[in-house]
Amino acid sequence: MSSADSRRIDSSGLLHREVKGFVQKVHSPPSSLNDPVEGEIQAFLIDEDQLHTYDDLTKVNPVTPLTVLKCLQARYSAKVFYTHAGCTLVALNPFEPIPDLYSLDVMKEYHGAPQPQEFKPHIFIVAEEAYRNVQGQLEPVNQSLVVSGESGAGKTWTSRCLMKYYATVAASSSVVKSQNTVERIERRVLDSNPLMEAFGNACTLRNNNSSRFGKYIQLQLDRCQLLVGASVQTYLLEKTRVTCQLANERNFHIFYQMMKGATDEQRREWKMPCSQSFLWLPNAEKTVEEDCFDETVEAMVHLGINAERRRQIFRILAGILQLGNVNFSSSNDESQPCDLDEQSKDFWQRAAELLCVTAEELRTCLRVRTLKAGKQSVLKPCSRAECNMRRDCLAKVIYAQLFDWLVTFINNSICADKSMWCNFIGVLDVYGFECFQINNLEQLCINYANEKLQQHFVAHYLKAQQEEYVSEGLEWSFVKYQDNQRCLDLLEGSPVSVFSLLNEESRLNRVSDTRTFMVRLEKELSVNANISWDKFSKVPHFTVAHYAGKVHYQIERMVEKNKDPVPPELTHLLQKSDNPLLRQIFSDKETENTTTKGLSRVTVVSKFKNSLESLMKILHATTPHYTRCIKPNTDCKPLTFKKEEVILQLEACGIVETIHISAAGFPIRIPFKSFMQRYGLIAKYSIFKSGSVDVRADRSNTLRQEVEELLGVVLQLKAFDPSHNRDCDKPNLWVHCGRTKVFLTQLMLDPLEDQRKKILSQCAFSIQCCWLRYQRRRRHARQRSATLIQAAVRSWLLRRQLQRCNRAAAVIQTTWRKRRALLKSLAEAELDDAMDLAEEDLPALNAVIRERGSVQLSSLQEPVSVRGWPMGLALASAPSITMSLTATGFQKMVSVMASLKLPSRRREYKVKPNQYSQELASIRAQPKGSVKLHYQRSPLLYADTQPDIKRDVTGFNEILLEKTL
């Protein structure tokens, strides 16, 4: 890389500086509206039909207040209300509802886009960028969305859209089992908005829904970037509005919601008839969009405020309104307390009843104060002015404590445990810069808060970035900007400032003197050019030159407001209230007051300053995203663009300077080490790593050289990308290597992220393939092992079963053989055998009887004589016997059928026992020799043996004598 620097000016008038091979673009210094219109501006403005197409004001050339104003006006006329201005987003208030601009489909479109920056400018782009930064696009750090602008510019609406966006996208990827929990948290987070706006917003001269307090909402995300809770921090509620409202302004919304939305039963309970008018509710006839009582009650229900607690809250609010109608009249005797007006006695009774305190104690506390002289207490009647002040103080302290309790309850309802969340996205919505005809301590604190936020923007972006460019070796010419540090030194500087003098005056135990305090301010702060006085004015005041313009502050009552005294009699009275909520919140207040006594008590300014310092610490520890809300006209008319008012706001918040720095600079800055840790894998897995681009190849190279080699790889990859536009700006306009950091534009960050995601996808695919291969191999091995185990088990079980069967069969066979042998032995012992036939002396038969009364057996050659006995016993186990009866006629009947029932059919006979019910008494084995049919101890009975030719022979006789007789 060359170290020579060269300078050139192109045809567009832009100054380019080439620094070590990288070209930087710097716009010319800004011009004002009063400067004559030059040729370049005329050439740019000549085609007004194309001005609305500039989505980013850094593309405007040249950048002047006039060109920026013309572009914004053209886009506003085309109903395009969001425009990028470098690192910030400019939002113009349309003062009318725009359909489908913030719908759920639009949210999903921006959330699902790979590159939301390519879409039209929208508040959802800022929200999505912060959400992706938390997810770890570069580093998973906490994010802050800073919404600033004048009162009525649309800050509250913008904050509401941001919260709705996160409540939608942060739960869109939630798992089924946590859907109910996430939806409950979403609803509670979103319902905290209308509730806090009802109690903390009011209708002012410049805005119908002006925030009279500041709030910083932390949306808590878990490791999966899902919304698990939220917390709210509030700053300086304008409680004086409860008792004092400017002309054409209103009190807090909640009072008007009660008046217009209460039922008849609630009105009777709150003692607020329809015909009742209240001194502290001016312009009650005016109706605004926020007068929605049902929505507030529904939000209370969703946040967990039960019916009894809601009843207590509304009774307290009604009691405050009744106090506003209590008036005092001076007493003729100064030693006696002031009297109540006749018309006020009824209101006094109602207020005491609604606040659940005794009427006499309430009247005494308002009219008599207690002075302590040592250990003794002295009662002193109050003047009429003091009585009115004590009445107002009572109403303000009740409302302020109720508001603090409400914020604490909301935090307890929606805040998640610290172990459940790891990152957060903060949304800051504070009161806008204010300048009224009468400005006092409230406006001073509000404008001081806006000064701090402007200084944070200046220090974080306009100043710090330019100083970093120079320290990192970039050739840079400083862009001038309005630094409000001198104004902050005037307000909060050390050792002497407006706040320090105001606190000293407030801590003195004396009545404040307006003239004395003004003289002291002139004496101590005259050297500061940001403060001035009008010595000819009848009303003592001082003027502060803020970044947004000069504001006159009245000194009268400023010290008393800063003291914010609360008579102890009032606190003790409320601690004895029968209202549990009222008694609870003032018991806590008493505990706080015991630790701050005397001169050490915290004033309003010191308390607000401390809370603002803690807010600044949070903002410095997070990555900020700026949204500048612009109010097109002071009358809140829809689609009305007034150039003079818009240009003042642009100049006050430094939009033109921001565009200059954004167009010429590098919005993304990453240290070398972090850059290599995140993007080093691009060079490792790149196809161009064969050269000297492998970051691990040569450890002698410095970290800077490794970063340059890596950037060279990315530029080569983009050059070979077919989708790359070769006619665009040179790639080296997108990146610069400083001494310790890499400076990138979004055009360079996008290919880096795309290439990193591509490589990670390839690596993830390889890991998945290896894992799947390992799983399949492991599953195959397990299946094979299981098969072998199953085969072995089955073989063992089968062998075991066969062995058992063999043993059982052997036992059965052995038992059967033994049984058969036993039966055989018994049969042999009982039946005739050969020896029996030989020994028996049978009478000789003649030839005729022998021929006709014999049976030819299959096992014997000689015919066997048949002797018939009158019995129904047959041979069961003998083999089939072929009987041949030669006897006929009567001899046949006598010799065979005398004992057997032998029905005959067609000269065929079958044998059947004639005792059907008794069956056989015994079974005999195969006979040896002649057949002898025994009748030994047989239960069979004799029967009538007459032949019945109609019946078939069945049973054992059929088995024994199968064939025809």
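**View A. Asn530 is buried, at 14% relative accessibility.** Buried means under 20% relative accessible area, exposed over 50% and partly exposed in between, with a 1.4 Å probe and protein chains only. The model is predicted: local features need pLDDT of at least 70, side-chain atom pairs count only at pLDDT 80 or more, and totals for chains, interfaces and linings use all residues. Residues are numbered from 1 along each chain as its sequence is written, and side-chain values use heavy atoms, with hydrogens and water left out. Asn530 sits in the loop between α17 (514–525) and β16. Helices (H or I, at least four residues) and strands (E, at least two) are DSSP runs, numbered from the N terminus. Leaving aside neighbours within four places in sequence, Asn530 contacts Arg486, Cys487, Leu490, Thr543, Val544 and Ala545. Contact means heavy atoms within 4.5 Å.

**View B. Strands β16, β17 and β18 form an open antiparallel sheet, in the order β16-β17-β18.** The edges are β16 (531–532) and β18 (549–554); each has a single partner strand, so one side of each lacks a neighbour in the sheet. Strands pair if DSSP finds at least two bridges between them. Strand β17 (residues 541–546) is joined to β18 by six bridges, and the two run antiparallel. Ala545 stands opposite Lys550 in β18.

**View C. Seven strands make an open sheet with mixed pairing, in the order β4-β5-β19-β6-β15-β9-β10.** Here the edge strands are β4 (82–85) and β10 (227–235); each has a single partner strand, so one side of each is left without a neighbour in the sheet. From one strand to the next, the twist averages 20°. Angles run from 0 to 180 degrees between N-to-C directions; axes are lines fitted to C-alpha atoms, for helices over the stretch in contact. Strands β9 (residues 214–221) and β15 (residues 423–429) run antiparallel, paired over seven bridges. Ile217 has Val427 in β15 as its bridge partner. Helix α5 (residues 155–169) packs on this sheet. The strands touched by α5 are β6 (143–149), β9, β10, β15 and β19 (623–630). The direction of α5 makes about 155° with that of β6.

**View D. Strand β5 (residues 88–92) is largely enclosed by the rest of the structure, because five of its five residues are buried.** Both faces are covered. Thr88, Val90 and Leu92 are buried on one side, and Leu89 and Ala91 on the other. Two residues separate β4 from β5 in a hairpin; Gly86, in the turn, has a positive phi of about 75°. Four bridges hold the antiparallel pair β4 and β5. Thr83 has Val90 in β5 as its bridge partner. Toward β19 the pairing of β5 is parallel, over five bridges. Leu92 stands opposite Ile630 in β19.

**View E. Strand β19 is largely enclosed by the rest of the structure, because seven of its eight residues are buried.** Strands β6 and β19 run parallel and pair over seven bridges. Gln143 has Thr623 in β19 as its bridge partner.

**View F. The largest nonpolar core holds 133 residues.** A nonpolar core is a set of buried Ala, Val, Leu, Ile, Met, Phe, Trp, Tyr and Cys residues joined through side-chain atoms within 4.5 Å. Tyr166, Phe199, Ile254, Leu317, Ile398 and Tyr399 touch the most other members. Helix α13 (residues 384–414) gives the most to this core, with 14 residues. Beyond residues up to four places away in sequence, Ile398 touches Ile316, Ile320, Leu355, Leu574, Leu582 and Phe586. A second, separate core has 61 residues, including Tyr469, Leu474, Met558 and Ile661.

**View G. Helices α16 (residues 498–507) and α17 cross at roughly 145°, with axes coming within 11 Å.** The crossing is right-handed. A crossing is right-handed if the near helix is turned clockwise from the far one by less than a right angle, and left-handed if anticlockwise. Val498, Leu501, Leu502, Glu504 and Glu505 in α16 meet Phe517, Arg520, Leu521, Glu524 and Leu525 in α17. By class, this contact has six nonpolar, no polar and four charged residues. Ala, Val, Leu, Ile, Met, Phe, Trp, Tyr, Cys and Pro count as nonpolar; Asp, Glu, Lys and Arg as charged; the others, Gly among them, as polar.

**View H. Helix α23 (residues 655–664) is largely enclosed by the rest of the structure, because 10 of its 10 residues are buried.** Among the buried residues are Glu657, Thr658, His660 and Ser662. Ile655, Val656, Ile659, Ile661, Ala663 and Ala664 are buried too.
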